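Please keep the sequence and the structure in view while reading.

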Amino acid sequence: MSSQAKKYIRVRMYNVGFGDCFMLFIPTKDGERKILFDCGTHFQSVGPHEAKTVAEWIVDDARDADGVSRIDVVVGTHRHQDHVSGFENDIWEEVEVREVWMPWTEDADDPDGKRILNKQSKKAKQLVEATKSLRLGAAVEAMAVNSYTNAKAMRTLHEGFASDPKRCYFPYKDRARNTFKRKFLPGLTVHVLGPSRDTE
């Protein structure tokens, strides 16, 4: 890549069909920093690439000159299948990650977040069972399954990766803390806008 190209942020959009997966490459004087936003596809997606394949591409794209795959921040916006299913792949065990950013409802130490997450998971399970028993059709059932817990993928975000990344749950209760900088992301200011902390 030319030195001219490294003056700009690059965005890699992985074609997962129905789903989301983006990686930002941010130039710094010490080399590029990488931020991954989600890695998922819906199981009924007609996209050309499976989440497993895309995960392998990401790990390869994140490989530094020494052969080690490194991502500075992995952002899991929410636990729907079309956003996180790619994290079910065991290949993430070889990736070094500095920080993992997730919604506040993923914080096991937040009683409100834990209650909401449990309620959402219970409702998703009920919805899956109802769509099957009522025979509402594949499309309705697929929507219900997308909202399910996606436990293996979320385990990667909560416990996985080669390093022991710091886990952060956003937004903070103190709204002033939701605009911040990280030393390892020089020149970048982060503004966290959601998800809402209003339990309703």
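## Aromatic rings, sheet and cores

Phe170 is buried, with a relative accessible area of 4%. This value, like every other here, comes from a predicted model.

Trp101 is buried as well, at a relative accessible area of 9%. Phe180 is also buried. Trp101 forms an aromatic pair with Phe180 and another with Phe170. The geometry of the two pairs is set out below.

| Aromatic pair | Centre to centre | Angle between planes | Class |
|---|---|---|---|
| Trp101 and Phe170 | 5.4 Å | 85 degrees | edge-to-face |
| Trp101 and Phe180 | 5.6 Å | 75 degrees | edge-to-face |

Which parts of the chain do these pairs join? Trp101 lies in strand S5 (residues 95–103) and Phe170 in strand S6 (residues 166–170), so their pair ties together parts that are 69 residues apart in sequence. Phe180 belongs to strand S7 (residues 179–180), so its pair with Trp101 in S5 links parts that are 79 residues apart in sequence.

The structure holds 6 aromatic pairs. Ring pairs join Trp101, Phe170, Phe180 and Tyr172 into a cluster. Tyr172 also has a charge over its ring: the charged end of Arg177 sits 3.7 Å from the ring centre. Elsewhere, Arg10 lies over the face of Phe25, 4.2 Å from the centre of that ring.

### The sheet

Six strands build an open sheet: it has 6 strands in the order S1-S2-S3-S4-S5-S6, and the pairing is mixed. Strand S1 (10–13) and S6 stand at the edges with a single partner strand each, so one side of each has no neighbour in the sheet. On average, neighbouring strands are turned by 20 degrees against each other, direction ignored.

S1 and S2 run antiparallel and are joined by 4 bridges. Here Arg12 stands opposite Met23 in S2. S3 and S4 pair in the parallel sense over 3 bridges. Leu36 has Val74 in S4 as its bridge partner. S4 and S5 are also parallel, with 6 bridges. Val75 stands opposite Trp101 in S5.

Is S4 enclosed or open? Of its 7 residues, 6 are buried, so S4 is largely enclosed by the rest of the structure.

H1 touches S1, S2, strand S3 (33–37), S4 and S5, and its direction makes about 5 degrees with that of S2. H5 touches S4, S5 and S6, and its direction makes about 110 degrees with that of S6.

### The nonpolar cores

The largest nonpolar core has 27 residues. Which members touch the most others? They are Ile58, Ile71, Phe87, Trp92, Leu157 and Phe161. The elements that give two or more residues to this core are strand S2 (22–26), helix H1 (51–61), strand S4 (69–75), S5 and helix H5 (151–159).

Leaving aside neighbours within four places in sequence, Trp92 is in contact with residues including Leu36, Ala55, Ile58, Ile71, Phe87 and Phe161. Cys39, Val59, Gly86, Thr156 and Ala162 are also among the contacts of Trp92.

Another core lies apart from the largest one and has 14 residues. Among them are Trp101, Cys168, Phe180 and Val192.

Methods
Residues numbered from 1 in each chain as written. Predicted model: local features only at pLDDT ≥ 70, side-chain atom pairs only at ≥ 80, totals over all residues. Heavy atoms only, no water. Phe/Tyr/Trp six-rings, centres within 6.5 Å; stacked < 30°, edge-to-face > 60°. Buried < 20%, exposed > 50% of the residue type's maximum accessible area, 1.4 Å probe, protein only. Lys NZ or Arg CZ within 6 Å of the ring centre and 35° of its normal. Core = buried A, V, L, I, M, F, W, Y, C linked by side-chain atoms within 4.5 Å. Contact = heavy atoms within 4.5 Å. Pairing = 2+ DSSP bridges. Axes fitted to C-alpha atoms, helices over the stretch in contact; angles between N-to-C directions.
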